[in-house]
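Hi,

Here's the structure I promised you. Have a look at it first, and then read on for what turned up.

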Amino acid sequence: MSYCVNCGVELEAAQKSCPLCGVAVINPSEKQQPEEKTTYPKHRDELKKTDRMFWIKLISILLAVPIITCVITNLLSDQRITWSIYVIAGVFILWVLASAPFYFKKFNYVKMLLFDVAGLIIGLFVIEIYAPGNGWVLLIVVPIVLYCILAGLVIIFLAKSGYIRRLGVAAAIFISIAIMLPGLEVLIDIYNLNPIQIAWSWFVIAPCLSVAALLILLNKNKRFKHELQKRLHF
Amino acid sequence: MFRVSAKLNETVDKALLQKALDMTLPRMGLFSCHLRTGLFWYYFEKNKKQAKVKDDAINPCIRLYTKDSDGYLFRIRAHEKLVSIEVFHSVTDGYGGLTFLKTLLAQYFTLKGEDVPATNGVLDCSEEPKSEETEDSFQRVYNSKSVRAWKENRAYHVNGTEESGHVLNIITGIGSVQELKAQAKKHRVSITEYIVGVYMYCLYNIQLSEHPRKILPISVSVPVNLRAYFDSKTLRNFSSYINPEIDANLGEYTFEEILYVVHHDMRRGLTKKALTSKVSKNVKAEKNILIRMLPLFLKNFFISFVYSLAGEKRMSSVVTNLGIIDVPEQMASHIDRFDFMLGAPRHKKIGCAVCSFGDKLSICFSSTLEEAHVEKAFFTFLVKKGVHVKLESNRE
């Protein structure tokens, strides 16, 4: 019979430490005793796992239906693949987005986002190859997507590690938009073969930055925040 | 999920328990079913597989569909001297689970050569299941006129580090009924009220020690067995709850003040009229034609949405008391004690279940938190009051 010196409760013979405070049960005068039987076994029950391959296969088969239908129709009418390539690329993007959650054993937003982005860019490239523009995917789509992902990951990281909260997150989003715009304007100018200059993006950058500044200011003012919470509470 | 266990005086013979289970299950009505998905509602259907006695685990009350699930909505487990039944709450409440366990044990001891009569809540397995046992008594109690809006505030929740991966930390304290009764008697309250009072006092102090920006009320949900109030013999779910509550913003509370509030809140809630009103509110939603027409997957979606908004926010924790368990004399000498345990709650993180057998009172905390500060506060409070407590735990 042993007692916890800290909590004063009696402990089951098999208990090696107090479950309440963690203090070890030691009786120096007692010799090594045979292991006592515990009330609870060591075996751990596990939940049935989702059959991830099954869902990937199911999604693949379901999405194969529109592709096959479109390709056959396309071949019958034009004797070659023309417009159905858009369907194929579109469905491919959808397939990547839908099956991504089943590829990863554990949810990891970095991996998942990168996987989705890779699928998106590949799908759009395929369309680009068959519907040649002036390299719009490489020049405009890829930079926008990559920037959004990068900014998104940074904001998620900052929010998760507690550097910014609510109003701070909103401010960070506005700031990231403001940073993106001049680059975007330059890219559009290059794509349209116009002289490079920053013109219209100022009209968006200015309000974005002022809203962000306002949000940061509000975030700092605890009393104001409290008043706002009270008035907007529902 | 919740669990009722009996600790026997000897090691359990699993083969014999399996035989007893095969004999008991046909008598148990809804227990022999599995849950099927309909278009609008779930429904029960007879399960033809054999229900197997399973090995116990260090993390009991895990969700139903484990690797070795046979589709039943309950599990019978055995380990050393312990026989346990874990039941999904949609089938029945503590009373139904206990009836199953008692009947199973009666069959087990009969096979061992005892002559156990079908009394003290043990069902007679030679009979067919009775229709009154599968009655949905809520429907009978429902009274459209007594539906009221019950105002329940957002309550304090225990903070701590959450365990990952289906871990349920259990600490069971075994004390003497007489000792606790003497303590309760000093304050002229029942044992349940006393335990709820101690628990609320601990939660109250823990909240204050965290120095929160906003102090929230402490509200502990106490399930009530409605069979005692509405003359029902159903083995299905038939319970409601009372939420004694203290508003910690009103000033400092002493232990006596908290007991006073608990005592009177309980007495006020434990009337047929108040209970009818609570039940009717839930049944009314079930009777609503719009809700009934909603496909099941939408119902599930909305229910889980409403639950996440309101479900557990209004209570800090649960204290459920299965009460004094009595069994036929021939069985009693083979049983050391009974334990009652709650499964992992979604948001509350900790729950407390109580039952007593003979002079042994078992208070079982199950928690998904790494820390044991609530349990420590609770049991050391009892020890300081002079109540002897012996602990068992699955914590390392």
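Let's start where the chains meet: 21 residues of chain A are in contact with 30 residues of chain B. On the chain A side of that contact, nine residues are nonpolar, eight are charged and four are polar. Do bear in mind that this is a predicted model.

The two chains also share some strand pairing. Strand S2 of chain A (residues 10–11) runs parallel to strand S15 of chain B (residues 390–393), and two bridges link the pair. If you want to find the spot on screen, go to Leu11(A), which stands opposite Leu391(B) in S15(B).

One is Cys61(B), with a positive phi of about 60 degrees even though it is not a glycine. You'll find Cys61(B) in the loop that joins strand S4 (53–55) to strand S5 (74–79) of chain B. Is Cys61(B) buried or exposed? Cys61(B) is buried, because 22 other C-beta atoms lie within 10 Å and the cut-off for buried is 20 or more.

The other is His211(B), again not a glycine, whose phi is positive and near 45 degrees. His211(B) is in a loop of chain B too, between helix H5 (191–209) and strand S8 (218–225). His211(B) has 7 C-beta neighbours inside 10 Å, so it counts as exposed, the limit for that being 12 or fewer.

Cheers

Note on methods:
Residues are numbered from 1 along each chain as its sequence is written. Chains are lettered from A and ligands numbered from 1 in the order in which they are written. This is a predicted model: local features need pLDDT of at least 70, side-chain atom pairs count only at pLDDT 80 or more; totals for chains, interfaces and linings use all residues. Two residues are in contact if their C-beta atoms, placed from the backbone, lie within 7 Å. Ala, Val, Leu, Ile, Met, Phe, Trp, Tyr, Cys and Pro count as nonpolar, Asp, Glu, Lys and Arg as charged, and the others, Gly among them, as polar. Two strands pair if DSSP finds at least two bridges between them. Helices (H or I, at least four residues) and strands (E, at least two) are DSSP runs, numbered from the N terminus.
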